[in-house]
Amino acid sequence: MSAASRQFFRDAAAKSADGELHQIVRRGVDSYDAAVLRGQARFVDWEAARRRCHEIRREAIDHLDRYLLEFERRVKERGGRVFWAETAEAATSYVLDLATRACVRTVVKSKSMVAEEIHLNDALEGRGIKVWETDLGEFIVQLRHEPPFHIVTPAMHLTREQIGDLFREKLGGVETDDPPSLVAVARRALRRAFFSAEMGITGANFLVADSGMIAITSNEGNARLCASLPRIQVAIVGIEKVIPRLEDLAILWPVLATAGTGQPITCYNTLVGGPRAPGETDGPEEFHVVLLDNGRTRLLADREQREALHCIRCGACLNSCPVFRTVGGHAYGTVYSGPIGGVITPHLAGLREFQHLSYASSLCGACTEVCPVKIDLHRHLLQNRRNAVDETLRPRSERIAFRLWRWAMLDAGRFRLYGWAARMALRLAYRVGFEGTALDPARAWTKDRAAPPIPRHSFRAIWRKTHGV
Ligand code: SF4
């Protein structure tokens, strides 16, 4: 068992017993579900919209090389710079060199899961550069020194009272826990940062190949300020975010907003295409796009699972997942949590270390049902499990158990014998308790729930008795 999986099981056990967390997450997810239902009803045909988004994303990923080169050419034509980062280290070094060269002391940042992936904040702060997260949720979790809880709603696990206490402690000037007042406090702190920062770092929801623009969508307008006020703008984006045409946004933006939050369209949708041109009154002097691979081309090479790169990071699969709802985002211990995290993390960060995430699923298929770009998530989780078995990464005991199970299932007599032995063993274990028996691990299952009653007879015997055959 890897260190990451041991930690996951520890944290998941603790979080799944945290009733307060469950209530907060449930409240958030319930209001999300209602908003998404209303949002989907605004579409003439939500399923057709999903199919169209799936086609656009498939076209982009199947021709990723062509569209990325087109995007690069267009950005350069407008005076922007593009850096191809094969690894997280290469991306981080590029930004650090840039910041050092331009004597950057303060950075304002809008939400970027890719920046989380490469641990950019730590690297910048290690050089003495102050980093301000300007998305409200990210700002809150930054003040708490913790990673985002969810890829769309980073502070989903906190109540307004907890946020009020946090602001009182860290920022002062907070009288109530009333959300507008809390927003006003954050706004005052962040406005100062926007005007003093020399560098703005953003992610991008899409890279538009035919116009060479990055498309950013946000609800707070902070990304637009990060992209226009500081002297230097850097967009750090995974290479899979490219889309072929500007007109594709006409469907992708509303579908992303609906699946992400239930909104018809996000409040601020911004297209940035380069540095400030002569005669323009705003915009950065320098515009850089860092295109991050960091394992994505490995996934691209896997024809069976490359569709995981279609993801538009709406977070819908997290909200629908019974495991995520129970253990929450922090238990995963990875940047990408929930079903999509379980699919891509083993590819991006290693199957040996992160195979357990593919088992953090009941395979109920709820994630696949809600995914707006129709990624067959639960099948990919299953494929990761198969890969783990093929690469003999599963415990020896599990392999032996499945071999025995297969041996029993292939013969009616053996199956009957196994059933009888299992019923006897369970009866005995219930009578004497699990402790110290071979069924000791079952205690974890029955610790928080009633043990199922053990049938006196097998299904076969009951059938024969009731049907006479
Ligand atoms: S896999 Fe689908 S549902 Fe999950 S975050 Fe990506 S686009 Fe959204």
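How do the residues of the lining of the second largest pocket divide into nonpolar, polar and charged?

1. Model and domains. This is a predicted model. The domain assignment gives three parts: domain 1 (1–41 + 312–394), domain 2 (58–294) and domain 3 (408–467). Between the C-alpha centres of domain 2 and domain 3 the distance is 54 Å.

2. Where does it lie? It lies between domain 1 and domain 2, because both give residues to its lining. Start at its centre when you look: E116, H119, D122, P147 and P148 are the lining residues nearest to that point.

3. The second largest pocket: its lining. The lining counts 41 residues. They divide into 20 nonpolar, 12 polar and 9 charged. That answers the opening question. Several elements give two or more residues each: α5 (88–101), α6 (113–117), α7 (120–126), β3 (130–133), α8 (136–143) and α16 (338–349). Helix α8 has the largest share, with 5 residues.

4. H119. This residue deserves a check by eye. H119 is among the lining residues nearest the centre of the second largest pocket. Its place in the chain is the loop between α6 and α7. Most residues other than glycine have a negative phi. H119 has a positive one, near 55°.

5. The ligand. Where does the ligand sit? It is found in the largest cavity. There are 13 residues around the ligand, and C311, C314, G315, C317 and C371 come nearest. Four of these five names are cysteines, C311, C314, C317 and C371. By class, the shell around the ligand has 11 nonpolar residues, 1 polar and 1 charged.

6. The largest cavity. The structure holds 4 cavities of 30 Å³ or more. The largest has about 100 Å³ of space. Its lining is made of 13 residues, with C311, R313, C314, C317 and C371 closest to the centre. By class the lining gives 11 nonpolar, 1 polar and 1 charged.

7. The second largest cavity. Its volume is about 50 Å³. The residues that line it include S320, C321 and P322, as well as P339 and H378. The run from S361 to C367 is also there: S361, S362, L363, C364, G365, A366 and C367.

8. L363. This residue is part of the lining of the second largest cavity. It stands in the loop between α17 (351–354) and α18 (366–370). Phi of L363 is positive, near 60°, and the residue is not a glycine.

9. A sheet of four strands. An open sheet is formed by 4 strands in the order β8-β5-β6-β9, with mixed pairing. Strands β8 (242–243) and β9 (268–272) stand at the edges. Each has a single partner strand, so one side of each is left without a neighbour in the sheet.

10. The β6 and β9 pair. How many bridges join β6 to β9? There are 5, and the two strands run antiparallel. Strand β6 covers residues 213–218. To find the pair in the model, go to S218, whose bridge partner in β9 is Y268.

Note on methods: Residues are numbered from 1 along each chain as its sequence is written. This is a predicted model: local features need pLDDT of at least 70, side-chain atom pairs count only at pLDDT 80 or more; totals for chains, interfaces and linings use all residues. Side-chain values use heavy atoms; hydrogens and water are left out. A residue is near a molecule or strand if one of its heavy atoms lies within 4 Å of it. On a 1 Å grid over the protein atoms alone, a cavity is a set of points where a 1.4 Å probe fits but cannot get out, and a pocket is an open set with protein on both sides within 12 Å along at least five of seven lines; lining residues have an atom within 4 Å of a point. A molecule sits in a cavity or pocket if more than half of its atoms lie within 2 Å of its grid points. Ala, Val, Leu, Ile, Met, Phe, Trp, Tyr, Cys and Pro count as nonpolar, Asp, Glu, Lys and Arg as charged, and the others, Gly among them, as polar. Two strands pair if DSSP finds at least two bridges between them. Domain bounds come from an automatic or database domain assignment. Grid points are joined across faces, edges and corners, and a volume is the space filled by probe spheres set on the points.
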